[in-house]
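Subject: Handing over the structure

Hello,

Here is the structure I promised to pass on. Please open it first, then read the notes below.

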Amino acid sequence: MTDLSKYRNIGIFAHVDAGKTTTTERILKLTGQIHKTGEVHDGESTTDFMEQEAERGITIQSAAVSCFWNGHRLNVIDTPGHVDFTVEVYRSLKVLDGGIGVFCGSGGVEPQSETNWRYANESEVSRLIFVNKLDRMGADFYNVVDQVKNVLGANPLVMVLPIGREDDFVGVVDLLSRKAYVWDDTGLPENYEILDVPADMVDDVEQYREELIETAVEQDDDLMEAYMEGEEPSIEDLKRCIRKGTRDLAFFPTYCGSAFKNKGVQIVLDAVVDYLPAPTEVDPQPLMNEEGEETGEHAIVSADETFKALAFKIMDDRFGALTFVRIYSGKLNKGDTILNSFTGKTERVGRMVEMQADDRNELTSAQAGDIIAIVGMKNVQTGHTLCDPKHQVTLEPMVFPTPVISIAVSPKDKGGSEKMGIAIGKMVAEDPSFQVETDEETGETILKGMGELHLDIKVDILKRTYGVDLTVGAPQVAYRETITKAIEDSYTHKKQSGGSGQFGKIDYRIKPGEPGSGFSFKSIVVGGNVPKEFWPAVEKGFGGMMENGVLAGFPTLDVEVELFDGGFHAVDSSAIAFEIAAKGAFRQSMPKAGAQLLEPIMNVDVFTPDDHVGDVIGDLNRRRGMIKDQQAGVTGVRIKADVPLSEMFGYIGHLRTITSGRGQFSMEFLQYSPCPANVAEEVIAKVKEENAKK
């Protein structure tokens with residue numbers, strides 16, 4: 001039986017370019033999992049194994065690796081830093097027990113590290129802080145510690161101090177043991193000496209050590225009393241207190257170094273073992289009922305309980321579909337039958353593997369605390385609970401952000417449609433923040449995602465991985481048309497060309513309907529001037545024309561038609577004649593009734609830091625937005641506004657520019673509203689131009 005106290009499920013997360021992936025590489029090298037270190041800037045790192053990741057030097061999907069350190073098993077997940085891929089961070093944090101927040105020594109607390117920190121707070125994940133890249137120009141450990149306090153509102157517990165700055169950075173002083181770890185210039189992690197504290201740092205070390213002890217002993221009243229009376233606690237007691245405070249999120253042990261130069265990473269690994277919680281020490285996951293409410297029961301982390309696990313990621317690769325699973329309770333053996341409580345269907349576990357980024361080791365069994373992948377599961381999606389068929393339970397599901405941008409795509413060659421459909425189906429299963437729908441009006445496939453980079457990468461994956469070349473269009477706005485005034489009119493359809501002719505005369509009123517009422521028709525004809533059997537034909541004629549408005553061919557909304565008189569011919573009148581009369585009447589009368597273009601208005605919700613509120617509001621006003629509300633929060637301000645959809649394309653990129661990358665927004669359809677005359681003229685002219693080309 002594996003000892004769960006020797007397990008550490010941890011994630012590494014930070015802003016783009018703070019050095020997460022490089023830190024992961026060093027951990028793998030130190031723990032003996034890889035023998036040659038791959039560099040991100042060479043496109044050779046272990047966990048960035050997608051072509052797109054290697055080329056762009058960014059992490060796109062979270063990768064899982066397992067390794068061992070000081071007799072402890074570490075399951076490490078390297079997550080992306082780019083804001084378009086935060087869903088990967090969110091779902092990883094959901095299944096982890098601890099994390100390492102990596103901050104750049106010169107960049108400090110950057111926007112995406114704020115978002116990830118907020119996610120980690122929501123998921124109540126214990127964290128260590130590693131201030132990386134201290135060998136860079138402008139790196140300042142003490143400045144980053146201040147930013148963690150002021151920007152994140154967190155309490156960093158400084159555990160080490162750096163020796164030297166920028167190019168002269170050679171190592172760190174461990175405050176607990178008062179020992180200096182100094183590396184040589186070979187860049188090899190094992191080439192270090194343990195020395196006494198440099199003479200010029202003794203005062204600083206004593207000052208920070210005192211602060212460290214004062215913060216730590218707050219976790220134990222007896223130790224605190226003894227310390228107040230002048231008795232210094234032992235290092236074992238201090239470690240116990242730090243471990244408790246870290247688990248309770250009272251503070252975050254803070255380390256520093258240079259992952260690229262292999263300086264300081266071992267001490268962080270020791271801290272993972274010493275201070276981050278084992279699976280059994282984390283509050284167990286709540287169980288939910290069918291309505292999504294907590295039942296009061298929990299998934300106790302123990303191999304002796306019934307099987308409970310959460311699928312947190314689906315990945316399609318050359319070996320088939322992989323379902324990443326965090327096991328909370330019980331054991332799982334190859335060949336077992338498990339229940340998906342969301343679908344109510346059972347599945348047999350054929351192959352289980354332990355992930356090594358892009359490689360895998362076959363497993364015959366796994367147990368509570370493990371993070372594994374199951375090969376070939378059929379109907380499992382991200383956030384589904386897997387459990388023992390005899391004991392059905394549901395774990396707290398994941399909530400994903402809604403996409404904020406969409407593009408229309410079509411395959412370049414005719415045979416690509418089916419291929420594209422299958423590929424997109426797989427990609428939607430892998431990434432819940434990526435959605436697809438078909439536009440009923442144009443027949444185009446619409447891809448929706450979290451940002452332009454997100455969709456750019458999806459189109460790239462479709463091309464390279466699945467061999468589907470796409471034509472990507474600009475996003476289209478679905479305009480509508482309506483009328484603004486009531487009119488009374490008459491129309492006669494008459495055709496005599498030998499044989500039986502066609503005749504239908506209608507007198508009618510057209511007026512604007514209530515917003516959202518669509519098309520309505522009634523007849524108040526008396527005396528049989530238009531026989532009753534022809535009324536449906538008149539309604540059909542008007543109704544059929546509603547799909548193509550008179551201004552620019554957009555569907556027409558909210559029109560009432562009333563038939564009050566007319567005339568017919570005993571021989572020549574027919575249903576078809578009255579239908580044609582109604583169509584002619586529509587074309588004749590709609591322009592007279594003050595036809596108007598309507599545009600979709602979006603309910604926009606923008607989050608921005610306090611210092612950019614003025615810029616964001618000014619920009620929304622320029623986009624014809626109506627500001628409705630402002631709510632101040634701890635980390636920034638939420639602005640609510642109604643903005644036309646046509647003004648919102650490319651907004652996410654612009655918002656990130658004016659808020660230094662820290663702004664976020666979401667939007668949803670609110671209503672159709674009249675288009676200003678100048679905008680309507682542009683749209684109508686553009687449609688006519690496109691029609692002329694056709």
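Over which ring does the charged end of Arg509 sit? The ring belongs to Phe564, and the charged end of Arg509 is 4.2 Å from its centre. A charge counts as over a ring if NZ of Lys or CZ of Arg is within 6 Å of the ring centre and within 35 degrees of the ring normal.

Before the rest, the ground rules. This is a predicted model, in which local features need pLDDT of at least 70, side-chain atom pairs count only at pLDDT 80 or more, and totals for chains, interfaces and linings use all residues. Residues are numbered from 1 along each chain as its sequence is written, and side-chain values use heavy atoms, with hydrogens and water left out.

**Aromatic rings**

Arg127 places its charged end over the ring of Trp117, 4.3 Å from the centre. Trp117 also belongs to an aromatic cluster with Phe103 and Phe252.

The structure has 9 aromatic pairs. Rings of Phe, Tyr and Trp (its six-membered ring) pair if their centres lie within 6.5 Å; planes under 30 degrees apart are stacked, over 60 edge-to-face, and the rest tilted. One of the pairs is Tyr142 with Tyr208, which is tilted, at 5.8 Å centre to centre and 45° between the planes. Tyr142 is in helix α5 (residues 141–150) and Tyr208 in helix α6 (residues 202–217), so the pair ties together parts 66 residues apart in sequence. Helices here are DSSP runs of H or I with at least four residues, strands are runs of E with at least two, and both are numbered from the N terminus.

Are these two tyrosines buried or partly exposed? Tyr142 is partly exposed, at 29% relative accessible area. Tyr208 is buried, at 19%. Buried means under 20% relative accessible area, exposed means over 50%, and partly exposed is in between (1.4 Å probe, protein chains only).

Phe534 and Phe578 make a stacked pair, 5.0 Å centre to centre with 20° between the planes. Phe534 lies in the loop between β32 (519–523) and α12 (535–545), and Phe578 in helix α13 (residues 575–589), so this pair ties together parts 44 residues apart in sequence. Both residues are buried.

**Helices**

Helix α13 also packs with α12. Their axes come within 7 Å and cross at roughly 40°. That makes α12 oblique to α13. Angles under 35 degrees are roughly parallel, over 145 roughly antiparallel, 65 to 115 roughly perpendicular, and the rest oblique. Axes are lines fitted to C-alpha atoms, for helices over the stretch in contact, and angles run from 0 to 180 degrees between N-to-C directions.

The crossing of α12 past α13 is right-handed. Residues making the contact include Ala537, Val538 and Phe542 of α12, and Phe578, Ala582 and Phe586 of α13. Contact means heavy atoms within 4.5 Å.

Helix α6 packs with helix α8 (residues 235–247) at about 65°, with the axes 8 Å apart. This crossing is left-handed. A crossing is left-handed if the near helix is turned anticlockwise from the far one by less than a right angle, and right-handed if clockwise. Leu212, Ile213, Ala216 and Val217 of α6 meet Leu238, Cys241 and Ile242 of α8.

How many residues of helix α9 are buried? The count is 9 of 11, so α9 (residues 265–275) is mostly covered by the cut-off of under 20%.

**Single residues**

Pro162 lies in strand β7 (residues 160–163). Pro162 is buried, at 12% relative accessible area. Its contacts beyond four places in sequence include Tyr142, Phe169 and Cys256. Pro162 and Val173 are 11 residues apart in sequence and 6.4 Å apart in space, C-alpha to C-alpha.

Arg623 sits in the loop between α14 (613–622) and β35 (626–632). Arg623 is buried, at 12% relative accessibility. Beyond four places in sequence, its contacts include Val643, Met648 and His654.

Last, backbone angles. Most residues other than glycine have a negative phi. Leu249 has a positive phi of about 60°. Its place is in the loop between α8 and β11 (252–256), and Leu249 is partly exposed, at 26%. Asp558 has a positive phi of about 55°. Asp558 is in the loop between α12 and β33 (559–567), and is buried at 12%.

Best wishes
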